[in-house]
Amino acid sequence: MTKHLLRCLPLLLALVILLSTGGVWGAWMYTNPWVMGTKHEVSIKMGDFFWSGSGDLPTDSEVGENHLSLIDQIINHSEHGLNTKNSYLNKQIDDRKDGGIGWRDGRDTLGSMAVTQSDELSDIFGLDASSLTFLIQFVSSNRYYLFTTSEYLGARGEINFWGNNKTPGSPTVPIGQPISVIYRTTVDLVDGKWTAVETKTGYALSAWYEESRSNANATQIPSFDPDTFQEGDPPA
């Protein structure tokens, strides 16, 4: 009996250590006399902030291209983020979904380039300092696509008193042509909390932003069509 206990003791000690460790590790030992003994350990840190593809996002604050920080602020800003009930951002999303006079079907996007919300969103998320632009697409009640880009999209036009375009917009990339690089981050509602789960790097076609009015393109605001997003580089 004593011999059996001595043989089992190392296994019991290993089990105790494994159960008391915050991370995850593994060890493999080869005891065959014809095989040289080897040991390999793997550790996995639990609860990281990062998500799939987030490592491809620029984080250079010195040149105003910290996409990772902007995405985190949009989701988790203590006053204005997606995870704050009745935040400015959530109220604007609800308004866009609901629509208004002349555009009762609403819109499925909210962008920082919009005439109505651009100044407020810029102040909240520091977009002037970061030189970044974002567009949120409402895919479903529990999924959003959050697009970010550091590409300058161009100058928006102007409308007259009657709501008709009087000064054309000036997109940097001609309408219908690919804009690159654009990052699309999938944000899901998980257990009642908006959470970034995946980022893809790609491009989308230049398009006018759909405004909160019956004539959706009256002002001619340079943006891109989120439905045209493709992963990878645009065709040559």
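**Pockets, a helix face and salt bridges**

A: The largest pocket is lined by 20 residues, and those nearest its centre are Ser 112, Met 113, Leu 132, Thr 133 and Tyr 152. This is a predicted model, in which local features need pLDDT of at least 70 and side-chain atom pairs count only at pLDDT 80 or more, while totals for chains, interfaces and linings use all residues. Residues are numbered from 1 along each chain as its sequence is written, and side-chain values use heavy atoms, with hydrogens and water left out.

Q: Which elements give two or more residues to the lining of the largest pocket?

A: They are helix H4 (118–125), helix H5 (127–130) and strand E6 (154–155), and H4 gives the most, with three residues. Helices (H or I, at least four residues) and strands (E, at least two) are DSSP runs, numbered from the N terminus.

Q: How is a pocket found, and what is the volume of the largest pocket?

A: Rolling a probe the size of a water molecule over the atoms shows where empty space is left. On a 1 Å grid over the protein atoms alone, a pocket is an open set of points where a 1.4 Å probe fits, with protein on both sides within 12 Å along at least five of seven lines, and lining residues have an atom within 4 Å of a point. Grid points are joined across faces, edges and corners, and a volume is the space filled by probe spheres set on the points. The largest pocket has a volume of about 480 Å³. Its lining has eight nonpolar, eight polar and four charged residues, where Ala, Val, Leu, Ile, Met, Phe, Trp, Tyr, Cys and Pro count as nonpolar, Asp, Glu, Lys and Arg as charged, and the others, Gly among them, as polar.

Q: What is the volume of the second largest pocket, and which residues lie nearest its centre?

A: The second largest pocket has a volume of about 210 Å³, and of its 13 lining residues Trp 208, Glu 210, Phe 224, Asp 225 and Pro 226 lie nearest the centre. Strand E11 (193–208) and strand E12 (222–224) each give two or more residues to this lining, which by class holds six nonpolar, three polar and four charged residues.

Q: Which residues of helix H3 are buried, and where do they lie around its axis?

A: An α-helix has 3.6 residues a turn, so residues three or four places apart point the same way. Buried means under 20% relative accessible area, exposed over 50%, and partly exposed in between (1.4 Å probe, protein chains only). In H3 (residues 88–98) the buried residues are Leu 89, Asn 90, Gln 92, Ile 93 and Arg 96. Seen down the axis of H3, these fall within an arc of 160 degrees, so they line one face of the helix; the arc is that of the directions from the helix axis to the C-beta atoms.

Q: How many salt bridges are there?

A: A salt bridge is a side-chain nitrogen of Lys or Arg within 4 Å of a carboxyl oxygen of Asp or Glu, and by this rule the count comes to two. One joins the side chains of Arg 143 and Asp 188 (2.7 Å, N to O), linking distant parts of the chain, with Arg 143 in strand E5 and Asp 188 in strand E10 (residues 178–190), 45 residues apart. Arg 143 is partly exposed at 31% relative accessibility, whereas Asp 188 is buried at 14%. The side chains of Glu 211 and Arg 213 also meet in a salt bridge (3.2 Å, N to O).
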